[in-house]
Structures are given as structure tokens and as C-alpha cells.
Amino acid sequence: MASLSSEGSAKDSETLKELLKQRPRIQKKQQAPRINKCNSNPCWNQEDLKKLEKCVSILGTDFDLIQLLFKNRTRKQIMNKYKKSKIQYDRKHKEKFLRIQEALKKEQEVQRQRLGSIDSIDLNIALDIHQLSTKKE
């Protein structure tokens with residue numbers, strides 16, 4: 001094995017240091033510590049939700065004013081909760097509307113069938129009356 005001289009290793013380490021200085025620094029991504037969402041942002045309880053609903057019904061979507069009434073919430077937290085609640089409300093009522101609409105269609109179909117059978121009965125009665133009147137003559 002060949003031994004390295006101290007002179008050669010010093011030159012190599014200096015060139016290595018120069019190369020390291022010239023290259024751009026790459027920083028590692030730092031991961032934020034995982035925090036339970038309810039600890040960092042207190043969870044919304046029923047009282048807060050009712051309060052938010054009442055505020056929105058009175059003040060509209062002026063989240064700056066609403067934020068003044070919620071001391072432990074930011075404007076963004078209030079706005080996000082409102083949007084999420086609105087989406088859930090809309091989805092729930094859309095499903096309800098579709099179920100009602102489907103039930104009405106079924107009821108209309110039943111009514112059409114009943115009317116169709118009534119029309120045929122009326123037609124039969126009319127034919128019977130006509131036949132009876134023609135026989136008497």
C-alpha cells in the first residue's frame with residue numbers, strides 16, 4: 001500500500017474546502033413538530049358554533065367584526081369554520097331536497113296511473129251507457 005504524504009493530503013484538503021465553499025448550500029427541510037390540532041386551535045364546541053351562527057345571521061360575513069367577539073379565535077379560523085359549516089349545510093339540504101324531489105316524482109307517477117285507470121273506467125261507463133241507450137231505441 002502506498003502511504004500518503006502529509007504534503008499531498010494538505011493540498012487535497014485545501015482543494016476540498018475550496019470546492020465546498022463554491023457549491024451552493026442545500027438546506028435540509030425541517031419538519032415542524034406534530035401538534036394535535038385541538039391543542040393549537042381549540043376545538044369548536046356547540047356554544048361557539050351557535051354563537052358563530054348568530055353572529056353570521058346578524059353581521060353577515062364581516063369576519064373582522066365577528067373576530068372581535070371571539071377572543072380566542074383568529075379571523076382565518078372563523079372564516080374557515082364558516083366555510084366548512086356552509087359546505088356541510090348545503091350538502092345536507094341538497095340531499096334532503098333531492099329526496100323530496102324524488103318522492104314527488106313517485107307520487108306524480110302514482111297519480112298518473114290512477115288517473116289513467118279512472119279514464120279507462122269512465123270510458124267503459126260511457127260505452128255502457130251508450131249501449132244501453134241504443135238498445136232502448
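Helices here are DSSP runs of H or I of at least four residues, numbered from the N terminus. This is a predicted model, so local features need pLDDT of at least 70 and side-chain atom pairs count only at pLDDT 80 or more, while totals for chains, interfaces and linings use all residues. Residues are numbered from 1 along each chain as its sequence is written, and side-chain values use heavy atoms, with hydrogens and water left out.

By salt bridge I mean a side-chain nitrogen of Lys or Arg within 4 Å of a carboxyl oxygen of Asp or Glu. For exposure, buried means under 20% relative accessible area, exposed over 50%, and partly exposed in between, with a 1.4 Å probe and protein chains only. Asp90 is partly exposed because its relative accessible area is 36%; Lys86, at 40%, is partly exposed too.

Glu102 and Lys106 also meet in a salt bridge, at 3.8 Å, N to O. Because they are four residues apart in H5, about one helical turn separates them. Glu102 has a relative accessible area of 46%, so it counts as partly exposed. Lys106 is at 54%, so it counts as exposed.

The structure holds four salt bridges. Another of them joins the side chains of Asp48 and Arg73, at 3.5 Å, N to O. This pair links distant parts of the chain: Asp48 is in helix H3 and Arg73 in the loop between H4 and H5, 25 residues apart. Are these two buried or exposed? Both Asp48 and Arg73 are buried.

Now Lys81, which lies in helix H5, residues 75-136. Lys81 is buried yet has no salt bridge. What is the nearest side chain of opposite charge? That is Asp48, 9.8 Å away; Lys and Arg count as positive, Asp and Glu as negative, and His and the chain ends are not counted. Leaving aside neighbours within four places in sequence, Lys81 is in contact (heavy atoms within 4.5 Å) with Trp44, Leu49 and Leu52.

Last, the surface. Leu65 is found in helix H4, and at 39% relative accessibility it counts as partly exposed.

Key
Helix = DSSP H or I, 4+ residues; strand = E, 2+ residues; numbered from the N terminus.
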